[in-house]
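Student: I would like to learn how to read a structure with several chains. May we work through one feature at a time?

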Amino acid sequence: MFYREAGQFKTSYEADQSILPIFQDRIAMYIMLMFAFIVFPFIANDYWLGSILIPFLVLSLAALGLNVLTGYAGQISLGSAAFMAVGAFAAFNLHVRIPEIPFLVVFLWGGLCSAAVGMIFGLPSLRIKGFYLAVATLAAQFFIEWLFTHFDWFTNYSTSGVITAPPMHIFGFAIDNPLSKYFVVLTIVVLCAFGIRNLARSEIGRAWMAVRDMDIAAEAIGINLMKTKLLAFGVSSFLCGLAGALWAYAVLGTVEPQAFDIIRSFEILFMIIIGGLGSVSGAFLGAGFIVLLPILLNNLGSLVTGGAISTETIAHIEYMIFGAFIVFFLIVEPNGLARLWQIGKEKLRLWPFPY
Amino acid sequence: MKNILLKILQCMLKIVNQKRFILTFSVLVSVIILSLAIYLFMDYWFFLEVFIGGLLSGVMYSLVALGFVLIFKASGVFNFAQGAMVLFAALTFVRLIEMGVPMLGAATLTMLVMVILAIAIERIVLRPLVNQDLIILFMATIGLNYFIEGMAQLVWDSNVHVLDLGIDEYAAYEIGEAFVNKFDVLAALIAGGLVLLLALFFRYTVIGRALRAVADDHQAALSVGIPLRTIWIYVWSAAGLVALVAGMVWGSKLGVQFAIATVALKAIPVLIIGGFTSVPGAIIGGLIVGCGEKLAEVYLGGFVGGAIENWFPYMLAMIVLMIRPEGLFGEKIIERV
Amino acid sequence: MIYRILVTLISYIMLIGITVSFAAEHFVPVTSYRTGPYGISGAPAANGYVDYLKMINARDGGVGGVKLDWEECETAYKPDRFVECYERLKNKGVAGATVFQPLGTGLTYSVIDRVADDKIPLITMGYGRTDASDGSIFPWVFPLLVNYWSLSTAKIKYIGNLAGGMDKLKGLKIANVYHDSAYGKETGPVLEKQAELYGFDLKGFPVAHPGLDQKATWLNVRRYKPDYVILRGWGVMNQTALKEAARARIPAENIVGVSWSCSELDTVPAGKAAVGYTCSSMYNPGSHYKVFKDILKYVHEAGNGTGPIEEVGNQQLYKTGVLMGIMTVEAINKATEKYGNKPMSGEQVRWGIENLDLTSERLEKMGIKDFIPNVKISCADHEGGAPVKFQRWNGTSFEPASDWVTTDQNIVRPMIEASSSAYAAEKGITPRCN
C-alpha cells in the first residue's frame with residue numbers, strides 16, 4: 001500500500017536512470033543518511049562511535065571491495081587483508097616521508113598502491129579460476145605479511161616495529177576524537193558505496209557480471225577478459241587499501257601487519273557471504289552482523305549470567321554460532337541478508353495482500 | 001627379433017610422448033645435476049640431512065592433504081574443515097586416553113565419533129546443498145570449520161594435551177654425519193601405508209569404484225543407482241580416519257592444541273602441486289613442498305632475512321598453477337560452455 | 001524480519017552500554033584472552049589475576065576498606081577487540097577504570113595514545129613499549145619490573161656467568177632464535193650493542209609465525225655451531241623450538257629463554273627435550289609462598305576459584321597473573337595513602353604506581369616476601385630496575401638456577417632515552433620530572 005511505484009512517472013532520461021527510481025526508496029535513503037550524519041553523533045557516546053560504528057564502516061568498505069571482486073566479477077580472493085595492509089603501509093610511508101601532503105591524498109595514494117599490488121597478484125586469474133585463484137591470493141596474503149615484517153624500510157626503521165599512526169588533520173581540522181573520525185570515515189564510505197553502486201550498473205559492471213557468469217561466453221561476445229579481470233582486482237584492491245589505511249588511522253591508531261592477518265581475510269569473506277554476494281547493501285549488512293555479533297554475545301554473556309559462563313566458553317560458542325550461521329545462510333538463502341531484505345521489500349509492495 | 005625391438009621402441013615412444021613423463025624426467029635430471037653440484041661444492045651431509053628432513057616433514061603434510069583428496073575425489077567439495085576435523089579427532093583421542101581408556105579402545109571410540117560426525121555433516125550440511133555451485137559448498141565447509149573448531153574446544157577444552165604414543169621422539173638413525181629422526185621415519189611409513197591402502201581401496205573395491213563415479217558426476221551416479229548419501233557418509237568417515245591418523249602423528253609431534261588446525265593451511269599448496277584428485281599426488285606434492293620449504297629456508301632464507309617458510313610453498317604452488325593448472329597428477333579440467 | 005530483531009537487540013544493548021554500576025568499589029578491568037592462538041597462555045594469567053583480586057577482597061576486605069570489583073573482557077589477542085574492551089570498560093565503576101594490563105605488546109600499542117587523554121595508566125610488566133620506561137616522556141605507561149632490553153642485558157650477564165666471566169664472552173658464538181614479529185625483533189639492537197661491547201658473535205634466526213615447523217631453522221642453527229642459544233618465542237613456538245633443538249642435537253643446557261618462553265606450557269609438552277633448559281623470570285620459582293597458600297585458603301577452599309586448583313602456585317603464567325594482581329593492588333594501596341579510602345580513579349592510581357616503593361616489610365606483610373624483588377618507581381624511571389631470576393627445568397618443575405641478576409642500566413638507559421627523546425621531538429612533548 002505504501003510501497004508502490006504507481007503514479008511515479010519519469011519525465012527525463014536522467015530521472016529514469018537514477019540509482020533509486022522509486023520515491024519511497026529515496027525517502028528511505030535520505031532518512032538513513034540523515035540518521036547517520038546527524039542523529040547518531042548526538043545519541044551515541046564515544047564507545048559506540050569509536051569501537052562499534054567506525055570499525056563497522058571501515059570493514060564494510062573492505063567488504064565492498066571484496067564484493068566487487070567476488071560478488072560482481074566472480075573471482076574468489078582470500079587475500080583481502082593483505083591488500084588492506086598494503087594500503088595502510090603505503091599511506092603511512094607517504095605521510096611520514098612527505099608530511100605536507102593532505103591526508104585525503106595520502107589515503108588515495110594508499111588505495112592506488114594497493115590497486116597496483118592487487119593487479120599484480122590478480123595476474124594469475126587470467127589462467128586459473130575458481131578455487132585455485134583463491135590459493136593464489138592466499139600466497140599474496142602470506143607473502144605481503146612477511147614482506148612488511150621483514151623489511152624495516154616499510155616501518156621507517158622504528159625500533160619496535162609497531163608504528164603509531166600520526167594524528168590526522170584534514171583541511172586544518174585535527175581529527176583526533178571519535179566524532180570527527182566518524183564523520184571522515186562515514187563520508188568516504190558513503191561516497192565509495194554510491195560509486196560502486198553506479199559502477200555496477202555501468203558497462204564495466206555488466207562486463208564483470210558477464211565474466212562471473214561464464215567467462216568463455218563473455219570472451220566470445222567481445223569482452224576483453226584481461227582488462228575486465230584486472231580492473232576488478234584493481235578496483236577491489238583500491239577499496240581494500242582505502243579501508244586498510246582508515247583501519248590503521250581511524251580505528252587502531254597503529255600500523256602493524258598482525259592486524260591484517262588471514263583471520264581478517266576470512267572475516268571479510270564471511271561478511272560478503274552472509275550479507276549477500278553482489279550487492280552493495282549486502283556488504284553493509286554482513287559487516288554489521290560480523291562486527292556486532294561478538295560484542296552482543298560478550299555483553300549478553302556477562303550481563304545475563306553475571307559472569308557464570310566464562311569468557312572462554314562464550315568465545316567458543318561465538319565460533320560455533322558463526323559457523324552455524326554461515327551454513328544456515330548458505331542453505332536457506334545463498335544470496336544472503338541482502339536478498340532477504342529484497343524479498344522483504346517485494347512483500348511490502350504487495351502488502352496488505354499476500355500475493 | 002626385429003618385431004620385438006620395434007614393439008619396445010613403440011612402447012618407449014608412447015611413454016616419452018606423455019607430457020607427464022617429460023615433466024618428471026626433467027625434474028629428475030635437474031635434481032641429479034643439482035645433487036652432483038652440491039656434493040662437489042657444499043657440505044654434503046648437512047644437505048642430506050635437510051633434504052631427508054624435508055621429505056619426512058612433507059610426508060606429514062601429505063597426511064593432512066590426504067583427507068582433502070578423499071573428499072574432493074568423491075564429492076568434488078574442497079573440505080576446508082579438514083583441519084578442524086584433525087583437531088577434533090586428536091582432542092577426542094587424547095582426552096579418552098587421559099580418562100584411562102587403552103589406546104586401541106580410544107582409537108576405535110574416536111573413529112566411531114568421527115563416523116557420527118560424518119553422518120551429521122551429511123544430513124545437515126551436504127544434503128540441502130546437493131545441487132549448488134561448488135563455491136557454495138566450499139564456503140559451507142569454511143563455516144563448518146569454524147563450527148567444529150568451536151565445538152571441539154567447547155566439549156573438550158583448549159589446553160595443550162601431551163600425546164605420548166610410546167615412541168621416542170628424539171632417537172635418530174645416523175647416516176654418515178647426518179641424523180634422521182626415527183619418529184619421522186615411522187610417520188612416513190604410516191602415511192605410506194595409508195596411501196597404499198587407500199589407493200588399493202579406490203581401485204579394486206566396489207565402493208571405491210562407486211566413489212570415483214560419484215566424483216565424476218553426481219547426477220549420472222544417481223541415475224545408475226549409486227546411493228549418493230551412503231557414499232558421502234563413507235567418504236567423510238574415511239576422511240575422519242585419515243584425520244585421526246594425522247591428528248595422532250601431529251599431536252604427538254606438537255602436543256594436541258588449537259594450533260594443529262592451522263596445519264591445514266599448509267596442506268593447500270600440497271594439493272595444488274599434487275593435484276586435487278590424486279592420492280599419490282598428495283604424497284608427491286607433500287614431498288615437494290616439505291623438501292622445497294626446508295631447502296629454501298636453509299639456503300635461500302639467509303639472503304632475504306629468513307622465515308620464508310610461510311609463503312614459499314604458496315609461491316611454488318602458484319608456479320605449478322601457471323604451468324600446469326591441474327597439478328602434477330591431477331585430471332585435466334575440461335570446461336564445457 | 002531478522003533486520004528488525006537485530007535493530008531491537010542493538011537498541012537494548014545500547015541502553016545497557018550506557019548504564020553505570022554504582023557500587024562503591026575500585027574497578028579493575030581484566031582484559032584477558034582465553035581463546036585464539038595464545039589462549040592457552042592467557043587463560044592461566046587471567047585466572048591468577050582474578051584469584052589474587054578475590055583473595056584480597058576475602059582476606060583484607062579490599063584495599064583500604066574498599067572492595068575490588070572487576071570485569072573480564074575477551075580480546076582473543078586481537079588489537080581491535082582489545083580497543084573495544086578498553087573503550088567499554090574505561091568508564092565503568094564509580095571512579096572509572098583503575099589500570100589496564102594488556103598482556104600483549106601489540107595490544108599495548110593500540111591504546112598507548114589514548115591513555116593520556118582518558119587518564120588511565122597502563123602497566124606493561126616485562127613487555128610493551130620499551131622506551132616508555134622513560135617516565136618523563138610517557139607519564140601514563142609503566143613497563144614495571146623489567147623491560148625487554150633490560151632483560152636482554154641480564155641474559156647476557158647470565159650467559160657470561162655460565163661461561164666463567166664476562167671476559168670469557170669474547171669470541172663466543174650466540175644464536176638468537178626469535179619469533180618473527182615486532183616482539184621478536186625488539187631485542188635486536190640491544191643484543192648487537194652488547195655483542196660489540198663484549199666481543200661475542202651474534203646471529204639471528206627468525207621463526208615464521210606461528211612456529212609449528214622449525215626443523216629448517218634449527219638445522220641452520222646447528223650449522224652455525226653456537227655456544228649458546230637465546231630463545232625468544234611466544235606461544236606454540238617455544239615447545240616446538242625445544243623439541244627441534246633436541247632433534248638437531250643442540251643441548252638444552254645451552255639454551256637460555258626469555259620470560260615469555262618460560263612456562264610449563266612450553267616445557268611439559270617438550271618432554272625430555274626441555275630438561276636442563278634455563279629461562280628468565282621476573283619472580284622466584286616455587287609455590288611455597290604465603291600468597292599462594294592464602295589464595296588456596298580464601299578463594300579455592302571457599303569454592304570461588306577462577307581456574308583449576310592445580311595451577312595455583314604451580315603454573316608460571318598463573319604466577320604472572322598473580323604478579324599482575326599484586327602490582328594493581330599495590331598501586332591502588334599507594335594511591336589510597338594519598339587520596340584516602342575511597343574508590344580510586346585512574347589518575348590517582350597513576351600517582352600510586354609512580355610512587356611505588358615495595359620494601360621488604362611491605363612484601364612480608366602481603367605474603368610475597370622473596371617472591372618478587374624490591375621495586376621502586378620514580379617519575380623518570382617507570383621500570384624500577386628490578387633484577388631478574390633464572391630458573392632451570394628439571395623435568396617436573398622449575399628450580400632456581402641463579403641468584404638475582406641485575407640488569408645493566410648503563411647500556412639500556414641511554415638507548416631508552418635516545419628513543420624516547422626522538423619520540424618526544426616527533427610529537428612535540430616536553431619532558432616532565434624536573
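Predicted model: local features only at pLDDT ≥ 70, side-chain atom pairs only at ≥ 80, totals over all residues.

Student: How many helices and strands does chain A have?

Tutor: Helices (H or I, at least four residues) and strands (E, at least two) are DSSP runs, numbered from the N terminus. Chain A has 14 helices and 4 strands, while chain B has 13 helices and 2 strands.

Student: What radius of gyration does chain A have, and what would a compact globule have?

Tutor: The radius of gyration is taken over C-alpha atoms, and the globule rule is 2.2 Å times the number of residues to the power 0.38. For the 355 residues of chain A a compact globule would have a value near 20 Å, and chain A has 21 Å, which agrees. For the 337 residues of chain B the rule likewise gives a value near 20 Å, and chain B has 21 Å, in agreement. The C-alpha trace of chain A spans about 65 × 60 × 45 Å along its principal axes; for chain B the corresponding box is roughly 55 × 50 × 40 Å.

Student: What percentage of the residues of chain A count as buried?

Tutor: A residue is buried if 20 or more other C-beta atoms lie within 10 Å of its own, exposed if 12 or fewer, and partly exposed in between, with C-beta atoms placed from the backbone. In chain A, 51% of the 355 residues count as buried; in chain B, buried residues make up 50% of 337.

Student: How many residues does chain C give to its contact with chain A?

Tutor: Two residues are in contact if their C-beta atoms, placed from the backbone, lie within 7 Å. Chain C gives 38 residues and chain A gives 36. On the side of chain C, helix 1 (2-18), strand 2 (68-74), helix 3 (79-89), helix 4 (105-111) and helix 7 (182-185) each supply at least two residues. Helix 1 of chain C provides the largest share, 9 residues. To read the composition, count Ala, Val, Leu, Ile, Met, Phe, Trp, Tyr, Cys and Pro as nonpolar, Asp, Glu, Lys and Arg as charged, and the others, Gly among them, as polar. The side of chain C that touches chain A then divides into 17 nonpolar, 8 polar and 13 charged residues.

Student: Which elements of chain A touch chain B?

Tutor: The contact between these chains takes 33 residues from chain A and 38 residues from chain B. Helix 6 (131-150), helix 9 (215-220) and helix 13 (311-332) of chain A are the elements that give two or more residues to the side of chain A. Helix 13 of chain A gives the largest share, 13 residues. By class, this side of chain A has 26 nonpolar, 5 polar and 2 charged residues.

Student: Into which domains is chain C divided?

Tutor: Domain bounds come from an automatic or database domain assignment. Chain C is divided into domain 1 (9-146 + 286-387 + 415-427) and domain 2 (148-281). Their C-alpha centres lie 29 Å apart. The contact takes 14 residues from domain 1 and 15 residues from domain 2 of chain C.

Student: Why does the span of helix 6 of chain C agree with its number of residues?

Tutor: The expected span of a helix is 1.5 Å times one less than its number of residues. Helix 6 of chain C (residues 148-163) has 16 residues and should span 22 Å; its end C-alpha atoms are 23 Å apart, which agrees. This helix is mostly covered, with 13 of its 16 residues buried. Just after helix 6 of chain C, C:Gly164 takes a positive phi of about 105 degrees.

Student: Which residues have the most contacts inside the largest nonpolar core?

Tutor: In soluble globular proteins, nonpolar side chains tend to be buried together. A nonpolar core is a set of buried Ala, Val, Leu, Ile, Met, Phe, Trp, Tyr and Cys residues joined through C-beta atoms within 7 Å. The largest one here has 368 residues, and those with the most contacts inside it are A:Val58, A:Leu61, A:Ala139, A:Leu246, B:Val86 and B:Val235. Domain 1 and domain 2 of chain C both give residues to this core, so it lies between them.

Student: Is A:Tyr249 buried or exposed?

Tutor: A:Tyr249 counts as buried because it has 28 C-beta neighbours inside 10 Å. Its place is in helix 10 (residues 225-252) of chain A. Leaving out residues up to four places away in sequence, A:Tyr249 touches A:Ala165 and A:Met168.

Terms used
Residues numbered from 1 in each chain as written. Chains lettered and ligands numbered in written order.
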